[in-house]
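Student: I would like to go through this model by question and answer. Please show it first.

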Amino acid sequence: MLKQLSQILQKDYGVSEEVLLEAEQARIDMNAALADVLLKKQLVTEQQLLEAYGRIYGYPLIPRITVDDFDTAFTRQITIQFLKKYLMVPIQTLQPIPGFDHKVAVPGENDDTMRRLIAIHDPTAVQPLDDLIRILGWDDAALVLSTREAILSLINTAYDSSRDTAQQLVEDMSENIDIISEIEETADLLDDTSDAPIIKLVNHIISQSVKSGASDIHIEPYQHNFKIRYRIDGILYDLLIPPKWMQAPLISRIKVMAKMNIAEKRLPQDGRFEVKIGDQDVDLRVSTIPITHGERLVLRLLNKSSSLLKMSDLGLNPDQRKVIERLIHSSHGIILVTGPTGSGKTTTLYAILSKINSPDINIITIEDPVEYQLKGIGQIQVNPKIELTFARGLRSIVRQDPDVILIGEMRDQETAEIGVQSALTGHLVFSTLHTNDSATAITRLIDIGVEPFLISSTVIAVIAQRLIRVLCEDCKEAYLPDEDTLTRLGILPDCAEMPAIYRAKGCNRCLNSGYRGRLGIYEIMLLNDSLQNMIMKTHDSHQIKSEAIRQGMTTLYQDGINKVLCGTTTVEEVLRVTQN
């Protein structure tokens, strides 16, 4: 077989004999499969290797196996580790599979159009494949070749869908309170095996939240029960309402995972831990506070496996993108991004840094926390326990010869003044403030002690933003709004060219919310000569905002309405986030 593979790779894909001999020697030295060596050294592509295998063994190649519903009974017979190690997955379904038409008659099934196949990545792994066929009794199954990504995706889907639901786990636990009592008395819950019901429940809550794209998990105790909720696209949804006696062991389990003191229930605590769910790495920040009926927990989920957004993905219109792209290539000055917690400020700043990041400039950040690792950028994590504050870290940063500095947040006078001095000495500084709009950022800086003349000399722009939910493309429906809504949209009721206005309806794909995903709406205030002169005279945010609008600034509300007219979101969603 190796000789055949070598001949095909030489003849059809131009791999030289010398290279193949080196790969063969490396295979022997590493005690690895030849395919792994070839792929690791990037001598062939995965597609080329699978095509070569297909010609040798006569197996069809299906690079992407698309099947929405298949039998996952095999998950009770075979471990996920076995399938992932040997990259194979058994599929039994009634659905037609593109590129595959092998039908078998399954005993006990009424329908004789069952498709049964085993997708494999390496046909040379004969023994594991024989073991899988023997365990399942699938002697009639067809074998097909597929990519590593497609097989892993199907494995994760199968084992995720076959797990008990959170409600089922709670009901099972309710039938045997004694087990829970024993766990509650255990000093360290990590001593329990993964079969312990409370561990299974916590694992399921976290995995279900990650799968749903939640940003937070809330555990809220009340007098007679407690509630578990998760936040998706900025809105809280009920996940589970377990009985009260499950509260203490569940909270203790999470506190142990976060390396917190499970005996201390009277004081607030903070902790963190990391989990791996399938091919996703998730960082969880845990915060507890004592309330009347127990400890209240909030877990912030940060999916480190998700890719960073580009500026084109943020929701900026073409004019806004041009303005920001011009600003971020300034040689010096301060650019502030403002908005409440969870409005996407850090995501916007990371997209900006990714845009300007290049080998010829030195970018250093100080953040709390560092949410994503940015390649080629020096990132400092604030640590109050060792007195590494924003101000102290910033003093060190300016001695590192930076071109661009990102300050996670201007929280106090000292941090703001060092940021201003950095801008005055030729650095481009990015930072955030927690204010409601762009004009209020000026008032906030003056309130924390920055002189107005320094603000007008250094701040070149303030970008205010909010996140709005995007209408689900599968279920949104057009409608004719009433006159009041049309007036809000700036449309005359008798307008001949009425744009399509959509509203949320709800379907299974969007959790019946009518929305799926979020985008930003933006308000960009450029500090031109007129606004700089005004800041020297007054720090009234209303006067500053009025002048900025007169100069042509688009407000958050107006940008939101523009997205309504584009069919991206709804009037109600814009009103919710702008409170207009």
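Student: Is M525 buried or exposed?

Tutor: This is a predicted model, where local features need pLDDT of at least 70, side-chain atom pairs count only at pLDDT 80 or more, and totals for chains, interfaces and linings use all residues. Residues are numbered from 1 along each chain as its sequence is written, and side-chain values use heavy atoms, with hydrogens and water left out. Buried means under 20% relative accessible area, exposed over 50%, partly exposed in between (1.4 Å probe, protein chains only). M525 has 1% relative accessibility, so M525 counts as buried.

Student: Which element holds M525, and what separates its C-alpha atom from that of V462?

Tutor: Helices (H or I, at least four residues) and strands (E, at least two) are DSSP runs, numbered from the N terminus. M525 lies in strand 19. V462 is 63 residues away along the chain, yet the two C-alpha atoms are separated by 5.2 Å.

Student: Which residues does M525 contact, leaving aside neighbours within four places in sequence?

Tutor: Contact means heavy atoms within 4.5 Å. On that basis, the partners of M525 are S438, A439, I442, I460, A461, V462, L531, I544, A548 and M553.

Student: Which element gives the largest share of the lining of the second largest pocket?

Tutor: A pocket is an open set of points on a 1 Å grid over the protein atoms alone, with protein on both sides within 12 Å along at least five of seven lines; a cavity is a set where a 1.4 Å probe fits but cannot get out; lining residues have an atom within 4 Å of a point. Grid points are joined across faces, edges and corners, and a volume is the space filled by probe spheres set on the points. The second largest pocket has about 320 Å³. Its largest share, four residues, comes from strand 19.

Student: Which residues are closest to the centre of the second largest pocket?

Tutor: The pocket has a volume of about 320 Å³. Of its 16 lining residues, the closest to the centre are I524, L526, G552, M553 and T554.

Student: Why do the buried residues of helix 12 lie on the same side?

Tutor: The buried residues of helix 12 are Q320, I324 and L327. They lie on the same side of helix 12 because their arc (taken from the directions from the helix axis to the C-beta atoms) is only 55 degrees.

Student: Which residues are exposed on the other side of helix 12, and what covers the buried ones?

Tutor: On the other side, P318, D319, K322 and R326 are exposed. The cover of the buried residues includes strand 11, helix 13, strand 16, strand 19 and helix 21.

Student: Which residues line the largest cavity?

Tutor: The largest cavity has a volume of about 50 Å³. Helix 10 gives the most to the lining, three residues. The lining residues are V202, I205, I206, I217, I219, L250, I254 and L299.

Student: Which side chain makes a polar contact with T415?

Tutor: T415 is in helix 15 and is buried, at a relative accessible area of 0%. A polar contact is a pair of N or O atoms within 3.5 Å; within protein, one must be able to donate a hydrogen and the other to accept it, and residues adjacent in sequence count only if both atoms are side-chain atoms. At 2.7 Å, the partner of T415 is D412.
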